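Reader: I am new to reading structures. Could you walk me through one, feature by feature?

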Amino acid sequence: MELIVTEKDNAARRIADILSDGGAGADRRNGVNVYRWGDKRCVGLSGHVVGVDFPPEYNDWRDVEPVELAGASVVKNATKENIVSTLQSLAGEADSAVIATDYDREGELIGKEAYELIDAVADIPIKRVRFSSITEREVKNAFAAPDDLDFDLAAAGEARQIIDLVWGAALTRYLSLTAGQLGNDFISVGRVQSPTLKLIVDREREIRAFDPDDYWELFADLQQGDDEDERFEAQYFYEGDDGTENERVWDEDEAETAYEKLRGADAATVESVRRRTRTDDPPAPFNTTQYIRAAGSLGYSAQRAMSIAEELYTTGWITYPRTDNTVYPEDLDPEELLATFADTGAFGEDAASLLEQDDIEPTAGDNETTDHPPIHPTGEIPGRQDLSEDEWEIYELVVRRFLATCAEPATWAHLRVVAAANDCSLKANGKRLVEAGYHAVYPYVGSTENYVPEVEEGEELGLFDPRMEAKETQPPRRRGQSRLIETMEKMGIGTKATRHETIQKLYDRGYVEEDPPRPTGLAMAVVEAAERFADRIVDEGMTAQLEGDMDAIANGEKSLEEVTDESREMLEAVFEDLHEHRDEVGDFLKESLKADRTLGPCPDCGEDLLVRRSRRGSYFVGCDGYPDCTYTLPLPSQGEPTVIDETCEEHGLRHVKMLAGRSTFVHGCPLCKADEADAAEDRVIGACPECGDGAAGSAANGDGEAVEGGELAIKQLRSGSRLVGCTRYPDCDYSLPLPRRGDIEVTDVRCDEHDLPELVVRDGEDDDDPWELGCPICNYEEYRERQAASEIEDLDGVGAKTAEKLAQAGIESLDDLSGADPDGVAGEVQGVSADRVREWQAQVG
DNA sequence: GCAAGGTC
């Protein structure tokens, strides 16, 4: 028997299909798919199935000096045991094996890992095949002429693993220990995450150091003939000393002078007219970075964009979403794919219109790699009803990008008019789309026109409404997630599959908050401390050097040991510097951690009020003087609190913001909130359904228990939240949630079912479209149902299809999912593995 | 419990 090993199940299935001419069957062994035809077996790994780590004697952070990790050995352990055991049991039955992992460096290393696992249990020949897209021609050619594994290339990957682990672990442990941050809140650094964080921190430093300058810009409307509809805007400009054209006037007096001149003019004479034709080329095929950028402009976070793309890929609608390639492979026939779309509803007309072109020559980007083709739709086309709204929007983006790459360039007519009025120059730039080209099928990039009429040199134009606008220079903007990913790619750090995860990691570690990501005080301090004492770890040059060393290993110029030994020595040198400044580093980090949590003076004792966490895990505001001072204030229960710069004028306390993804909100000054709650009166709206008159279990029901007479009231809590709760609290804890914002009005309309008044939430007094919340019980019930459905779809890798299939299997809420048996679900729901269910359960917590 | 890289 011959065993074929691929990097992932999806590839295994497709390769089996090609090599068997569609005749392969599938067995499930140990939760792993094994494809079978003739005397062949084909199994897919799940990326790396073994991982590097230190031997167990290095496990205890407190017992081992971090610097010892610089000299520690590194071992490999199985991380996917079911796959490893399946692979090895298949190897035991095989006479030969073929490694068919991805055609890139990491694929070679994954291949070597498989090689060693096979070699440990079977003495059989092991070959290697390479192909850059899974098409019949490429795959059959590759298998017809198998090659050998490239052990040098794999060793290059191993060097990276070792260096990343040693540097990352040693410095992470060191910083965490000196700052006293063990457990969940350790302080992590690494070759990729730390330069990325420095990128964000550096931009923040520029923003903080920015000193704005005032300037003025002047405009006037020009008009040809008498038609007011023909007016167009022109901007004042002047020639600088070096002959450059300037719009910004930096001196207010000069601006006033120009403004007065414009006000004194009622006409302008056209001095020059320049007409030009510009072509605007269609975009290149999608690689991961450009896909994330395009999805970002539709409002998707990098993480969400990748999660949806992975779902579309696993269902078979689009190709593999993790790719650097921007050149379609030769065996992709764009005409054939267009023809497939031409038969379908949603994109039929657009695809058909492209097929009418004389010849179809798709665009190509600069990056041609062997890993995977650019992201494009497959020939399998979903119906609108097969996808959720988000999935459809993303799918449409991928399809339209493919269409755009097959389309013609667009043509623009540019018209530049310069006119003079009372010694002032005015200019207008007109832009008209002559040939829509790819814009007709790709509406995501701007094609806005700017109307300027056809005027002639020497023509007199009317001048109206001169205006002068005071402006100031703006600090550089924070980079959004997709901009960060593009910059990382340019800097050469991270990979297509990890850059978005690195950014997510910065969020998870408390280094950045909000979107676009803004660094916390901790992040500023970690970067600064690293710059001073361990510069290498925040330097993108570390990756550049590593890349060079990896190339040297791959082409046999250096050995793995030479490269890793040299790196370990460098790390030891870094530690000499760190040890000299141990206390300084620790104090610096501790101070910044505390500053991130400090609100301001305690009204009782004057020490600092801090955001603290109770033993039960909930957050509150407490005094640094504890236990001498026991002053506390409550915080909302939803979200993670973060202290923002805005400060309460009355109490001198910084405001608190609660981070909870889409439900993030500013809580404000916690002392103000508590005061407001103390001053607010409860508003009674009816009887408590648990203990009030007429409630089940009351004497009125005839079962002998006492009526307690509890009533429901609208209450404001000191934590800032509002609810409808029982007046007998805490004896009765019945409650219904109410929105945090808006004025709540009690109407005269009553709910028949619950005998409670309907409520209306008004956002300010003149809100004429208020939210009709209705009966608070009905509202809560509806809310719960919506919540349960959307929570399932919010899990990573669950799309509309999967959510639907899970619902059919009786899993309709997170509670259902937590209580489910993973193997049972895997058996019942096609395409969902038990491991996957366990991951979702872990996400639910 | 540390990293970064695969995959999901």
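Author: We start with the ground rules, then take the features one at a time. This is a predicted model, where local features need pLDDT of at least 70, side-chain atom pairs count only at pLDDT 80 or more, and totals for chains, interfaces and linings use all residues. Residues are numbered from 1 along each chain as its sequence is written, chains are lettered from A and ligands numbered from 1 in the order in which they are written, and side-chain values use heavy atoms, with hydrogens and water left out.

Reader: How many helices and strands does chain A have?

Author: Helices (H or I, at least four residues) and strands (E, at least two) are DSSP runs, numbered from the N terminus. Chain A has 24 helices and 31 strands. Its C-alpha trace spans about 95 × 90 × 65 Å along the principal axes.

Reader: What share of the residues in chain A is buried?

Author: Buried means under 20% relative accessible area, exposed over 50%, and partly exposed in between (1.4 Å probe, protein chains only). In chain A, 47% of the 845 residues are buried. Contacts are another thing to read; contact means heavy atoms within 4.5 Å. Of the contacts in chain A with a separation of 6 or more, 65% join residues 24 or more positions apart.

Reader: Which residues come nearest to DNA strand B?

Author: A residue is near a strand or molecule if one of its heavy atoms lies within 4 Å of it. There are 44 residues around DNA strand B, and Lys 80, Arg 173, Phe 186, Tyr 320 and Thr 495 come nearest. Among the DNA atoms within 4 Å of the protein, 61% belong to sugar or phosphate and the rest to bases.

Reader: What kinds of residue make up that surface?

Author: Sort them by class: Ala, Val, Leu, Ile, Met, Phe, Trp, Tyr, Cys and Pro count as nonpolar, Asp, Glu, Lys and Arg as charged, and the others, Gly among them, as polar. The surface near DNA strand B has 12 nonpolar, 14 polar and 18 charged residues.

Reader: Which polar atoms of the protein lie by a base nitrogen of DNA strand B?

Author: A polar contact is a pair of N or O atoms within 3.5 Å; within protein, one must be able to donate a hydrogen and the other to accept it, and residues adjacent in sequence count only if both atoms are side-chain atoms. A backbone N or O atom of Val 52 is 3.1 Å from a base nitrogen. A polar backbone atom of Gly 183 also lies 3.1 Å from a base nitrogen. In Asp 164, a side-chain N or O atom is 3.3 Å from a sugar or linking oxygen of the DNA. Several elements give two or more residues to this surface, including strand 5 (50–53) and helix 9 (302–315). Helix 5 gives the most, with 8 residues.

Reader: Is Lys 8 buried or exposed?

Author: Lys 8 counts as buried, because its relative accessibility is 14%. Lys 8 sits in the loop between strand 1 (2–6) and helix 1 (9–19). Its side chain makes a polar contact of 3.4 Å with the side chain of His 372. Beyond four places in sequence, Lys 8 touches residues including Gly 44, Asp 102 and Tyr 320.

Reader: Where does the backbone have cis peptide bonds or a positive phi?

Author: Most residues other than glycine have a negative phi, and most peptide bonds are trans. The bond from Asp 515 to Pro 516 is cis, with omega near 5 degrees. Tyr 729 and Pro 730 are also joined by a cis peptide bond, with omega about 5 degrees. Asp 21 has a positive phi, near 50 degrees. At 60% relative accessibility, Asp 21 counts as exposed. Asn 422 has a phi near 50 degrees too, and at 43% relative accessibility it counts as partly exposed.
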